[in-house]
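Have the viewer open as you read.

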Amino acid sequence: MENTPIVTKNQAYRETFQRGTVVFPVQYSLCDTTNPHYDLPLHWHSEFELIHVIAGNYNIFIEDKTIQLEKNDLCLIPADLVHGDSQDKGMALYESIVFEIDLLRLHSYSPDIFFTDILNESIILNNFIPAKHTEILDAANKIFECVKHRDEETGLIAVGWMLIFFGLIKKKRLYSEKNINLSRAKETRTDQISNVLNFIRKNYNKDLNLQDMAEAVALSPKYFCRLFKENTGHTPIEYLNWFRINRACTLLRETNEKLLEIAMECGFNDFSYFTKTFRRYKGITPSKYRTFDPAKAKEIIIDPDYLWEKNHPEENVDSSGD
């Protein structure tokens, strides 16, 4: 490994907007991964996040691993962990809440060593909570049901169920004690990845290659490629293309620029490659993405075995492109 200066997580991919309200800082989201407008980029935030898969299969990338979630599985993401869609995110309908852990500490008894250990990172919570933990799943379902209403009365009940949720995690010991040496090495890797993600965000519209990205963090291309893959689930070039396509999506939604202009502005010098890459990441061509109306999409159909499908007319594209 080559030496790289240790830097803090770059603010460029940190989410900092207000969750819910000041009184009840909890944000609820319902996500359909088959919707072309859906996207969960690699990011981090100071709040905790809880994900519940309602139907289908969802693959999420957290720090340096991919977690495969099925119906009724839960995923708990503590503060400051880089996470986002895996390269193959799957087809799923899932709900999530993002919340301030201090919301629980204010309503908890004092002192509460378990929450203190979580915040001090002396214990590491399990990210994956399988559906077989029915008590925890029941508590999570109560939380989601309360949070959907977003009123003062149900907010207090939601906090109560959150305390029960974490109490059950403690009871079932769904956590591990922190290895300080491994943690420091992991933090260094995360900082290196953070640095290069910021480099891509600033230079995605230029003619970048693997060498350029490796030099941005003072690593050899070979080692950098392996490090990036291990920590993001993508190769550097895959992530660069993914980021460019998502920038193109913003321009398609918010401007009237021509498709060729958007392709060039996002770093694609070959328009046919842009179209092919766009369809690979979004499932439809750029022109059809621009006119896509989520309100006209068919509802998700879930059978008793939770096998499901969702059909958007716009997804039935031919191989000829735009």
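Start with α8 and α10, which are roughly perpendicular to each other (65 to 115 degrees counts as roughly perpendicular, under 35 as roughly parallel, over 145 as roughly antiparallel and the rest as oblique). Two packed helices are described by the angle between their axes and the distance between the axes. Here the axes of α8 (residues 236–254) and α10 (residues 271–282) come within 10 Å and cross at roughly 90 degrees. The axes are lines fitted to C-alpha atoms, for helices over the stretch in contact, and angles run from 0 to 180 degrees between N-to-C directions. Which residues make the contact? From α8 they are Glu-238, Asn-241, Trp-242, Ile-245, Asn-246, Ala-248, Cys-249 and Leu-252, and from α10 they are Tyr-273, Phe-274, Thr-277, Phe-278, Tyr-281 and Lys-282, with contact meaning heavy atoms within 4.5 Å. Sorted by class, that's 9 nonpolar, 3 polar and 2 charged residues; Ala, Val, Leu, Ile, Met, Phe, Trp, Tyr, Cys and Pro count as nonpolar, Asp, Glu, Lys and Arg as charged, and the others, Gly among them, as polar.

A word on the model. It is a predicted one, where local features need pLDDT of at least 70 and side-chain atom pairs count only at pLDDT 80 or more, while totals for chains, interfaces and linings use all residues. Residues are numbered from 1 along each chain as its sequence is written, and side-chain values use heavy atoms, with hydrogens and water left out.

Zooming out, the protein has 11 helices and 12 strands, which are DSSP runs numbered from the N terminus (H or I, at least four residues, for helices; E, at least two, for strands). Of its 322 residues, 47% count as buried, where buried means under 20% relative accessible area, exposed over 50% and partly exposed in between (1.4 Å probe, protein chains only).

Now for the rings. Those of Phe, Tyr and Trp (its six-membered ring) pair if their centres lie within 6.5 Å, with planes under 30 degrees apart counted as stacked, over 60 as edge-to-face and the rest as tilted. By this rule there are 19 aromatic pairs. Take Tyr-239 and Trp-242: their ring centres are 5.1 Å apart and their planes lie at 35 degrees, so the pair is tilted. Both sit in α8, 3 residues apart, about one turn of the helix. Tyr-239 is buried at 1% relative accessible area, and Trp-242 is buried too, at 11%. Phe-271 is partly exposed at 28%, whereas Phe-274 is buried at 0%. Elsewhere, ring pairs link Phe-48, Phe-99, Phe-114, Phe-115, Phe-165, Phe-166 and Tyr-175 into a cluster.

Next, look at Leu-210 in helix α6 (residues 210–216). This leucine is partly exposed, at 26% relative accessibility. Setting aside neighbours within four places in sequence, Leu-210 touches Pro-221, Phe-224, Cys-225, Pro-236 and Ile-237.
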